[in-house]
Amino acid sequence: MLKVWRTREGESGRAGGAFQFERLTVKVTRWRVVLAAVGVGTYALALIVMAPSEIVVPRSSNGERQAVGTVWAGERALPGGFAAGWTLEPLSSLVNLSVAERLALRGPDTALTGQALVRPGRVLVRDLEGTASLRLLNAFAPGLPFACSPVVRVDVARLSVRGAPEGVGGLTTTPGDCAPTGGGAATPIPALDGAVTADGAATSVTVTRAGSGEAVMRARVEADGGLTASVEAGGVGLLPGIGAPVSIETSL
């Protein structure tokens, strides 16, 4: 039993306007506890999702804001005139038992959307489609020693970044060039094709020369987020400073 106090007006025979206390007993049931918990949880969730986006994207070292909006729906500015936006999708989150977010990238020659499903040990990107400039790579990795001009057309149904491997889809690029960021002659880049696949061990992205099928680059993402990326023989000479096949290993 949960006991609370309430007041009532004085009854006849008592001083006018006086108040007295009486004990009110409220029975605590399972459903009342559940409803109270839902109410408190909903209030706490509302406080979190409506909080400023600076909670997840802090200000820069000089105090400038890097994002606008809220945790629920916001956008972050990226170098080169690009921006990355997100919107939480509560219904999809419940259906997929994951945190579901609608993602959007925009900027020069870029209009790319998709959905990310995130839960412990699992990150899956679905329905990734649209176009993106390869200069977007420099927005996410400003330290790259080159910048490339081709535009990529993306149509990927599923791409696992962490967790059980999944990969379905493809991409194509327009011809263009890659130039050293510090200045120098640009290298012509032919049109390329890409395929996203998966096996029992990893999710793979393979990029080939359009028409010939000669491998240019490969990337493999393992279940624990380990990434192996390589420039194949067909990609030698396309990227400034890459004069031989090379492979790197890192983690996402």
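## The pairing of β9 and β12

In this predicted model, β9 and strand β12, which covers residues 176-180, pair in the antiparallel sense over three bridges.

## The three-stranded sheet

The pairing of β9 with β12 belongs to an open sheet of three strands, in the order β9-β12-β13, with antiparallel pairing. At the edges are β9 (146-148) and β13 (187-189), each of which pairs on one side only. On average, neighbouring strands of this sheet are turned by 25 degrees against each other, direction ignored.

Strand β10 spans residues 151-162 and strand β11 spans residues 167-173; seven bridges pair them in the antiparallel sense. Within this pairing, R158 has V168 in β11 as its bridge partner.

The two strands form a hairpin with four residues between them. In this hairpin, G163 takes a positive phi near 100 degrees.

## From β11 to β14

Which strand do four bridges join to β11? That strand is β14, made up of residues 192-198, and β11 and β14 run antiparallel. Here L171 stands opposite G194 in β14.

Conventions. Residues numbered from 1 in each chain as written. Predicted model: local features only at pLDDT ≥ 70, side-chain atom pairs only at ≥ 80, totals over all residues. Heavy atoms only, no water. Pairing = 2+ DSSP bridges. Axes fitted to C-alpha atoms, helices over the stretch in contact; angles between N-to-C directions.
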